[in-house]
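Visitor: Hi, could you walk me through this model? I'd like to get my bearings before I go into details.

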Amino acid sequence: MTIDNRTNADDVVTKIKAELKKQTKSWRMIATQLGIIVNEYGSGSDTFKSVLKSTGFAKSTALKLASIANSKVLDDKLFEKVHAWTVLYEINTMTEQQIDQLKNELTNPPAYRPSSIPTVAQCKRIKYGVKPSDPYSPVFKIRVDAAAIETGKFTSDEYEEIVAAVTVLQNIAFVRVDETQSYETKAERYLASLRVEIDAIWSKERSDALSQASQKEIEYDEDEMLEIFKVDKEAFFTELGYETYPSEGDVFEKAKAILEKKQQKLLAKVNEPYRYANSAITTSQKEAA
């Protein structure tokens, strides 16, 4: 019999979700958990894909977070107050010489920037130098319906399709593609709301199961059962003889439906999926862009 000593993916998902609900998130902890899954299962594994689906992270974002998980560079005391994962990622991709320059600026901050906490702009300036006038001109702009992102209508799967298409485009001579954080920022807002609804549904199911068990005079240790619920919901409900509990998928869909009702005003702003796609760009659309 082969024993699988790898970390339980469900435990990782639980820890990440709990951290995402906090007002001040520990991106280092989230990065560590994603790093564990990437290291133990691989970024192309079904387990990794399942974690992405459960936590709502796009693959590109998750891989960036995972890359900072075991960074010795980020252990430096000068970076202890850095909370933004985008800054941590930029620091982790700097050379030793660039990091030395960053440390010098943080230790002896210039008068025009007295803060001792690094920023993405500061890291990029050190990495790439002062940005010169851009020799590239925009020919096309890829825009995604903002309301569709914030209501979950535009999913991470569709975002990955854009990433795949852009990867092809940036291999064309004289073409450069610039990435923004717009999708990740708006998508995170939606996912945070969705997680609140999911947790509320499970909380009610848990309370109903405990209440029914008490009515049937089934003996149980509540503290022990609550611990079981955190790691194995099926075992929790089975132990209490609660047969009508929903599946993870059912809870997910129910949470989406509840959230949709709460987002009716925002949903009303979502355009038809192909309203502007594959059509001639009119003068009014150019002006709107």
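Guide: Happy to! Of the contacts in the protein chain with a separation of 6 or more, 66% are between residues 24 or more positions apart. Please keep in mind that this is a predicted model.

Visitor: Good to know. How many helices and strands are there in the protein chain?

Guide: The protein chain has 15 helices and zero strands. Its C-alpha trace spans about 75 × 55 × 45 Å along the principal axes.

Visitor: And what share of the 289 residues is buried?

Guide: Buried residues make up 30% of them.

Visitor: Let's look at some helix packing. At what angle do H2 and H4 pack?

Guide: They pack at about 100°, and their axes are 7 Å apart. That angle falls in the range from 65 to 115 degrees, so H2 is roughly perpendicular to H4.

Visitor: Which residues make that contact?

Guide: From H2 you have Trp27, Ile30, Ala31, Leu34, Gly35 and Val38, and from H4 Ala62, Leu63, Leu65 and Ala66. By class, the contact of H2 with H4 has nine nonpolar residues, one polar and no charged ones.

Visitor: Which residues of H4 are buried?

Guide: Those are Ser60, Thr61, Ala62, Lys64, Leu65 and Ala66. They pack against H2 and H3, and also against helix H5 (85-92), helix H9 (156-169) and H10.

Visitor: Are Trp27 and Phe57 buried or exposed?

Guide: Both Trp27 and Phe57 are buried.

Visitor: How many aromatic pairs are there in the whole structure?

Guide: A search of the whole structure finds eight aromatic pairs. Another one is Phe229 with Phe236, which is edge-to-face, at 4.9 Å centre to centre with 75° between the planes. Phe229 counts as buried because its relative accessibility is 7%, and Phe236 counts as buried at 0%.

Visitor: Which residues do ring pairs link into a cluster?

Guide: Trp202, Phe229, Phe236, Phe237, Tyr242 and Tyr245 are linked that way.

Visitor: Now on to H10 and H13. How far apart are their axes?

Guide: The axes of helix H10 (residues 182-215) and helix H13 (residues 248-262) are 9 Å apart, and the helices pack at an angle of about 120°. The two are therefore oblique to each other, and their crossing is right-handed.

Visitor: What does each helix bring to the contact?

Guide: H10 brings Tyr190, Ser193, Leu194, Glu197, Ile198, Ile201 and Trp202. Residues from H13 include Glu248, Val251, Phe252, Lys254 and Leu259. By class, the contact of H10 with H13 has 10 nonpolar, one polar and five charged residues.

Visitor: Last one: where is Lys15 found?

Guide: Lys15 is in helix H1 (residues 9-20). It is partly exposed, with a relative accessible area of 44%. Leaving out residues up to four places away in sequence, Lys15 touches Met29 and Gln33.

Visitor: And how far is Lys15 from Thr95?

Guide: Their C-alpha atoms are separated by 32 Å, and the two residues are 80 residues apart along the chain.

Definitions and conventions:
Residues are numbered from 1 along each chain as its sequence is written. This is a predicted model: local features need pLDDT of at least 70, side-chain atom pairs count only at pLDDT 80 or more; totals for chains, interfaces and linings use all residues. Side-chain values use heavy atoms; hydrogens and water are left out. Axes are lines fitted to C-alpha atoms, for helices over the stretch in contact, and angles run from 0 to 180 degrees between N-to-C directions. Helices (H or I, at least four residues) and strands (E, at least two) are DSSP runs, numbered from the N terminus. Angles under 35 degrees count as roughly parallel, over 145 as roughly antiparallel, 65 to 115 as roughly perpendicular and the rest as oblique. A crossing is left-handed if the near helix is turned anticlockwise from the far one by less than a right angle, and right-handed if clockwise. Contact means heavy atoms within 4.5 Å. Ala, Val, Leu, Ile, Met, Phe, Trp, Tyr, Cys and Pro count as nonpolar, Asp, Glu, Lys and Arg as charged, and the others, Gly among them, as polar. Rings of Phe, Tyr and Trp (its six-membered ring) pair if their centres lie within 6.5 Å; planes under 30 degrees apart count as stacked, over 60 as edge-to-face and the rest as tilted. Buried means under 20% relative accessible area, exposed over 50%, partly exposed in between (1.4 Å probe, protein chains only).
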